[in-house]
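Here is a short report for a reader meeting this structure for the first time. Keep the sequence and the 3D view at hand while reading.

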Amino acid sequence: MQRENKLDRRFEFLAAVIRSAGDVVRTACAESAGKAFAMKGPQDFLTETDLASEEHIRTAIAAAFPDDSFFGEEGGGSVDGDVWIVDPIDGTANFARRINHFCISIGFVEKGVPQLAAIFNPMSDELYLARRNAGATLNGKPLKVAATTDAAAASVELGWSTRVPNSRYMAAMTGLLDQGFNVRRCGSGALALAHVADGRSDGYVELHMNSWDCVPGLLLVAEAGGAVCPFMELGDLRSGGPVLAAAPGVSARISAAVGIPLEAERPVAEVASAAG
Ligand code: IPD
Ligand code: CA
């Protein structure tokens with residue numbers, strides 16, 4: 001009961017804080033100064049709005065839940081105990097180029113288990129929320145992944161970064177194309193995972209992602225009935241790991257094509273008791 005109350009309070013806060021960070025990002029988007037960028041590394045963009053959004057979220061969390069840890073893309077932090085995992089803008093390269101395809105991504109992880117997730121697209125005003133064993137919603141409406149079973153009608157997004165050798169990226173792309181999948185890349189892994197959860201996309205694959213880019217999105221997809229990889233076993237919060245999330249009708253073929261395993265399905269009784 002006490003624990004439920006703890007998660008209730010954080011879930012309510014999460015929806016409010018991600019919307020207010022969205023106001024920060026949307027306002028900056030209208031001002032060209034907010035999009036001036038620096039490079040953190042090859043193809044790794046940083047704008048002052050990434051920093052402003054993360055600071056906004058960090059300050060709000062510290063005021064509301066001073067004992068919780070914070071781990072953000074720009075400022076780092078601790079992953080111990082109860083931790084908020086924060087990407088203040090996912091798709092910064094799009095944001096800096098005035099392409100309106102980016103989002104804010106926040107997760108709450110309790111002792112290594114992701115419990116709460118939020119992804120917000122401030123330009124389309126779409127707020128995705130998920131709570132472990134309680135489902136996922138988009139602007140309050142329940143979410144369900146696509147019913148796709150035919151690879152020849154399926155679209156999979158394949159994320160890319162310089163953290164993985166191009167040869168491995170090309171092998172994954174070839175594996176998917178050989179199965180008949182259409183392969184796309186739109187530049188925001190977190191938003192891509194949200195789009196798997198709402199059925200606009202059939203799958204998302206990336207050979208390495210940081211936890212702030214994918215932990216909230218993976219919970220969203222799982223809670224919307226999708227198949228996901230066991231990210232916390234294959235990788236970890238601090239160093240990241242491989243990512244696969246997909247509609248169940250095509251997930252096994254995607255997994256075989258790219259060599260990333262899927263989480264074993266949990267017995268129905270276990271899911272029911274965790275939810276109850
Ligand atoms: C990146 C985007 C991109 C993904 C990369 C991420 P950022 O995050 O999500 O789509 O392929 O792995 O690093 O830099 O825009 O926050
Ligand atoms: Ca980011």
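## The largest cavity

Gly159, Trp160, Ser161, Val164, Tyr169, Glu206, Leu207 and His208 line the largest cavity. The model is a predicted one. Its largest cavity has a volume of about 40 Å³. The structure holds 1 cavity of 30 Å³ or more.

Which strand gives the largest share of the lining? Strand β13, residues 203-209, does, with 3 residues.

Glu73 sits in the loop between β3 (69-72) and β4 (76-77), while Ile89 belongs to strand β5 (residues 82-90), so the pair ties together parts that are 16 residues apart in sequence.

Is Ile89 buried or exposed? Ile89 has a relative accessible area of 1%. Buried means under 20%, so Ile89 counts as buried.

## The sheet

An open sheet of 8 strands runs in the order β4-β3-β5-β6-β7-β8-β9-β10. The pairing is mixed. Which strands stand at the edges? They are β4 and β10 (141-142). Each has a single partner strand, so one side of each is left without a neighbour in the sheet.

Look next at β8 (residues 126-131) and β9 (residues 136-138). These two strands pair in the antiparallel sense over 3 bridges. Leu129 stands opposite Thr137 in β9.

## Helices on the sheet

Helix α1 (residues 2-29) packs on the sheet. Helix α1 touches β5, β6 (103-110), β7 (113-121) and β8. Its direction makes about 25° with that of β7.

Helix α5 (residues 189-197) also packs on the sheet. The strands touched by α5 are β5, β6, β7 and β8. The direction of α5 makes about 100° with that of β7.

## Two loop residues with positive phi

Asp125 lies in the loop between β7 and β8. Its phi is near 55°, a positive value in a residue other than glycine. At 37% relative accessibility, Asp125 is partly exposed.

Where is Asn139 found? Asn139 is in the loop between β9 and β10. Asn139 is not a glycine, yet its phi is positive, at about 45°. With a relative accessible area of 43%, Asn139 is partly exposed.

Note on methods. Residues are numbered from 1 along each chain as its sequence is written. Chains are lettered from A and ligands numbered from 1 in the order in which they are written. This is a predicted model: local features need pLDDT of at least 70, side-chain atom pairs count only at pLDDT 80 or more; totals for chains, interfaces and linings use all residues. Side-chain values use heavy atoms; hydrogens and water are left out. Helices (H or I, at least four residues) and strands (E, at least two) are DSSP runs, numbered from the N terminus. Buried means under 20% relative accessible area, exposed over 50%, partly exposed in between (1.4 Å probe, protein chains only). Two strands pair if DSSP finds at least two bridges between them. Contact means heavy atoms within 4.5 Å. Axes are lines fitted to C-alpha atoms, for helices over the stretch in contact, and angles run from 0 to 180 degrees between N-to-C directions. On a 1 Å grid over the protein atoms alone, a cavity is a set of points where a 1.4 Å probe fits but cannot get out, and a pocket is an open set with protein on both sides within 12 Å along at least five of seven lines; lining residues have an atom within 4 Å of a point. Grid points are joined across faces, edges and corners, and a volume is the space filled by probe spheres set on the points.
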